[in-house]
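Have the view open beside you as you go.

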Amino acid sequence: MKLAVFVSDFKLATDTLDRLKAEKLGIILVQNGVYHATTKENGKASSLLDKTPNLYALSDDVQIRGMKDADVDKRVKVVKYGDVVDLIFNDFDKIAWL
Amino acid sequence: MGKLTIGCYPGLVGNMGYDFALKLADAAATKGHKVSIWFSGNATGSVKANQKHLKDYSTGEKHIKALLEKGVEICTCEACTVARGIKKDEGIPGVQWNAMHWYLAKIHAADRVLLIGGE
């Protein structure tokens with residue numbers, strides 16, 4: 001199963017993610033979840049970014065919080081709503097919301 | 001083109017999940033996908049017509065109308081809605097009122113399902 005998980009909050013959801021079994025896991029950071037891609041605590045990036053190489057952050061939600069797409073961790077691809085639709089239909093079989 | 005069903009449970013006022021659901025629906029419909037939205041819980045408060053659009057205050061009516069014009073199907077949980085004091089004749093024209101079986105049917109017919117919120 002190819003699973004995309006929307007992470008909408010800036011709290012670690014790793015315990016939930018660890019329980020999800022997927023041959024391909026994608027994490028789409030939206031709303032306050034985008035802080036995982038932009039914020040470092042004690043110099044360290046969010047451990048959420050270590051869960052999968054398939055990381056995305058919604059540009060609208062980055063910019064509306066006063067940050068730039070360039071502030072996003074290089075491992076994370078910045079996407080727009082239309083790109084999220086394409087991810088949902090073309091890259092993943094199932095989608096979940098955390 | 002695919003079919004996307006969105007279950008939207010958060011309330012509308014200042015709620016990011018509600019806002020996301022409508023924007024995602026709009027993006028999917030713009031790309032030609034068939035989109036269905038099920039409002040439940042506090043999200044049902046958004047189907048009342050004649051909402052006053054105050055500056056910097058979240059409302060749903062104009063976004064819902066725009067989605068309906070794009071062919072997005074929107075249905076509100078009738079029980080949730082009437083429980084919040086909203087009568088059917090006060091609703092936004094074009095929004096369907098039905099029970100959970102409507103949502104279940106859309107889920108079964110959909111290629112992708114996204115449930116946002118819920119307690």
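Q: In what order do the strands of the open sheet in chain A stand?
A: Strands of a sheet pair through backbone hydrogen bonds, either parallel or antiparallel. In this predicted model, the open sheet of chain A has five strands in the order 6-5-2-1-7, and their pairing is parallel.

Q: Which strands of chain A stand at the edges of this sheet?
A: Look for strands with a single partner. In chain A these are strand 6 (76–79) and strand 7 (94–97), so each has one side left without a neighbour in the sheet. Neighbouring strands of this sheet are turned against each other by 25° on average, direction ignored.

Q: How many bridges join strand 5 of chain A to strand 6 of chain A?
A: Four bridges do, and the two strands run parallel; strand 5 covers residues 54–58. For one facing pair, find A:Leu58, which stands opposite A:Val79 in strand 6 of chain A.

Q: Which strands of the sheet does helix 4 of chain A touch?
A: Helix 4 (residues 81–91) of chain A packs on the sheet and touches strand 1 (2–7), strand 2, strand 5, strand 6 and strand 7 of chain A. The direction of helix 4 makes about 165° with that of strand 2 of chain A.

Q: Now for backbone angles. Which value of phi does A:Gln31 have?
A: A:Gln31 is not a glycine, yet its phi is positive, at about 50°. You will find A:Gln31 in the loop between strand 2 (24–29) and helix 2 (35–38) of chain A. A:Asn42 is another residue other than glycine with a positive phi, near 55°. A:Asn42 lies in the loop between strand 3 (40–41) and strand 4 (44–45) of chain A.

Q: Is A:Asn42 buried or exposed? And what about A:Gln31, buried or exposed?
A: The idea is to count the C-beta atoms around a residue: 20 or more within 10 Å make it buried, 12 or fewer make it exposed. A:Asn42 has 4 other C-beta atoms within 10 Å, so it is exposed. A:Gln31 has 21 such neighbours inside 10 Å and therefore counts as buried.

Q: How many bridges pair strand 1 of chain B with strand 2 of chain B?
A: Six bridges pair them, in the parallel sense. Among the facing residues, B:Ile6 has B:Ile37 in strand 2 of chain B as its bridge partner. Strand 2 (residues 34–39) of chain B is also joined, by four bridges, to strand 3 (residues 73–77) of chain B, and these two run parallel. There, B:Trp38 has B:Cys75 in strand 3 of chain B as its bridge partner.

Q: Which residues is B:Ala29 in contact with, leaving aside its neighbours within four places in sequence?
A: Contacts can bring together parts of the chain that the sequence keeps apart. B:Ala29, which is in helix 1 of chain B, is in contact with B:Val35, B:Leu67, B:Lys70, B:Gly71 and B:Val72. B:Ala29 and B:Val72 are 43 residues apart along the chain, while 6.9 Å separates their C-alpha atoms.

Q: How many residues of chain B are in contact with chain A?
A: You can read an interface by listing the residues on each side. Here 16 residues of chain B are in contact with 11 residues of chain A. Helix 1 of chain B gives the most to its side, with seven residues. The residues on the chain B side divide into nine nonpolar, three polar and four charged.

Q: What scores does the model have?
A: The model scores ipTM 0.91 and pTM 0.92. For chain B, the mean pLDDT is 92, and 96% of its residues reach 70 or more.

Conventions
Residues numbered from 1 in each chain as written. Chains lettered and ligands numbered in written order. Predicted model: local features only at pLDDT ≥ 70, side-chain atom pairs only at ≥ 80, totals over all residues. Contact = placed C-beta atoms within 7 Å. Nonpolar A, V, L, I, M, F, W, Y, C, P; charged D, E, K, R; others polar. pLDDT = per-residue confidence, 0-100. Pairing = 2+ DSSP bridges. Axes fitted to C-alpha atoms, helices over the stretch in contact; angles between N-to-C directions.
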